[in-house]
Amino acid sequence: GRCGDDRPPVSSRGQALDHVAFVVDELDAWHAWLLAREVTVLEDVRPFDGGRALVIEGPDGLAVELVERPYGGA
């Protein structure tokens, strides 16, 4: 079981820990790679804080945001 519990994982959306985020380069390449592997996209590519982001569902149901910062961004 998962952490000693056989219940299926539940979505993290709206929970105390809603999601985690990672800064990535080449968001379009990541998007294509994830789609080719049939990863569930929760929020498609969109503008975000001067860059772009997308949100996928991780293997345990945790939402994972991938953020591409504008060139030269931190």
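Reader: Which residue in the hairpin of β2 and β3 takes a positive phi?

Author: This is a predicted model, in which local features need pLDDT of at least 70, side-chain atom pairs count only at pLDDT 80 or more, and totals for chains, interfaces and linings use all residues. Residues are numbered from 1 along each chain as its sequence is written, and side-chain values use heavy atoms, with hydrogens and water left out. Strands are DSSP E runs of at least two residues and helices are H or I runs of at least four, numbered from the N terminus. Two residues lie between β2 and β3, and the one with a positive phi, near 50°, is aspartate 49.

Reader: How many bridges join β2 to β3?

Author: Strands count as paired if DSSP finds at least two bridges between them. Glutamate 43 has valine 55 in β3 as its bridge partner. β2 (residues 41-48) and β3 run antiparallel, and the number of bridges is five.

Reader: Which residue in β4 is the bridge partner of arginine 52?

Author: β3 and β4 are antiparallel, with six bridges. Five residues separate them in a hairpin, where glycine 61 has a positive phi of about 90°. The partner of arginine 52 is glutamate 68.

Reader: How many of the seven residues of β3 are buried?

Author: Buried means under 20% relative accessible area, exposed over 50%, and partly exposed in between (1.4 Å probe, protein chains only). β3 is mostly covered, and the count of buried residues is five.
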